[in-house]
Amino acid sequence: VIVCDKGVIAIEVKNLSDSIHFDDENCYYEKEDGKRYIWSYEDPRSEARRHGNALRNYLNEHGFNAVKVNRILVFPNGKVSWEGDLGIFIAKDKESLRRYIASSEADNVCTAEVQAEIKKLLNKL
């Protein structure tokens, strides 16, 4: 979790040995013997959404309702491809993650004081 002037960023990191592909509806591993589709519940996008929503709910319960929570999937090995609107940002490497965060709009609600309070709250977990 990153807490910054952009809001709260929930990062789900996947270190997979196989290539993975996403499109609007499907997710599958590309194996030597063909494609292996992943059930929607096990789709990394679903996992990132569930974790992001749990974080959102936790912040809401503690009075941080207006703070933006962004969800990002990171594949450090770069073995990921996608097409279409995935509804979640996917980063292939540290540089694309850095560019995403740098280009995100600031969350005016997430002031330095709010960031400090959120960090204290998250450190209690």
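**Close-up views of a predicted model**

**View 1. Salt bridges in the model.** The count comes to seven salt bridges, where a salt bridge is a side-chain nitrogen of Lys or Arg within 4 Å of a carboxyl oxygen of Asp or Glu. Side chains of opposite charge can pair when their charged atoms come close. In one of these pairs, E47 meets K14 with 2.5 Å from N to O. The two residues are 33 apart and link distant parts of the chain: E47 belongs to helix α1 (residues 44-61), while K14 lies in the loop between β2 and β3. A word on how to read these views: the model is predicted, so local features need pLDDT of at least 70 and side-chain atom pairs count only at pLDDT 80 or more, while totals for chains, interfaces and linings use all residues. Residues are numbered from 1 along each chain as its sequence is written, and side-chain values use heavy atoms, with hydrogens and water left out.

**View 2. The protein chain as a whole.** Helices (H or I, at least four residues) and strands (E, at least two) are DSSP runs numbered from the N terminus. Their pattern along the sequence is β-β-β-β-β-α-β-β-β-α-α. Along the principal axes, the C-alpha atoms fill a box of roughly 55 × 25 × 25 Å.

**View 3. The sheet β5-β4-β3-β7.** Here four strands form an open sheet with mixed pairing, in the order β5-β4-β3-β7; two strands pair if DSSP finds at least two bridges between them. Strands β5 (34-37) and β7 (80-82) are at the edges with a single partner strand each, so one side of each has no neighbour in the sheet. From one strand to the next, the twist averages 25°. For such angles, axes are lines fitted to C-alpha atoms (for helices, over the stretch in contact), and values run from 0 to 180 degrees between N-to-C directions.

View 4. Strand β3 (residues 19-22) runs antiparallel to strand β4 (residues 27-31), and four bridges join them. A hairpin of four residues connects β3 to β4. Look for S19 opposite E30 of β4, and for H21 with its bridge partner Y28 in β4. Strands β4 and β5 also run antiparallel, joined by four bridges, and their hairpin goes through two residues. On this side, E30 stands opposite K35 in β5, and Y28 has Y37 of β5 as its bridge partner.

**View 5. The sheet β1-β2-β6-β8.** This open sheet of four strands has mixed pairing and the order β1-β2-β6-β8. Its edges are β1 (2-4) and β8 (89-91); each has a single partner strand, so one side of each is without a neighbour in the sheet. Neighbouring strands are turned by 25° against each other on average, direction ignored. Strand β2 (residues 7-13) pairs with strand β6 (residues 69-74) in the parallel sense over six bridges, and here E12 has L73 of β6 as its bridge partner.

**View 6. A negative surface patch.** Which residues form the negative patch? They are D24, E25, E83 and D85, and D24 is placed in the loop between β3 and β4. Patches are made of residues with over 30% relative accessible area and no salt bridge, like charges being joined within 9 Å and nonpolar side chains (Val, Leu, Ile, Met, Phe, Trp, Tyr) within 5 Å. Accessible areas come from the Shrake-Rupley method with a 1.4 Å probe, and for residues only the protein chains shown count as cover. Asp and Glu count as negative, Lys and Arg as positive, with His and the chain ends not counted; the place of a charge is NZ of Lys, CZ of Arg, CG of Asp or CD of Glu.
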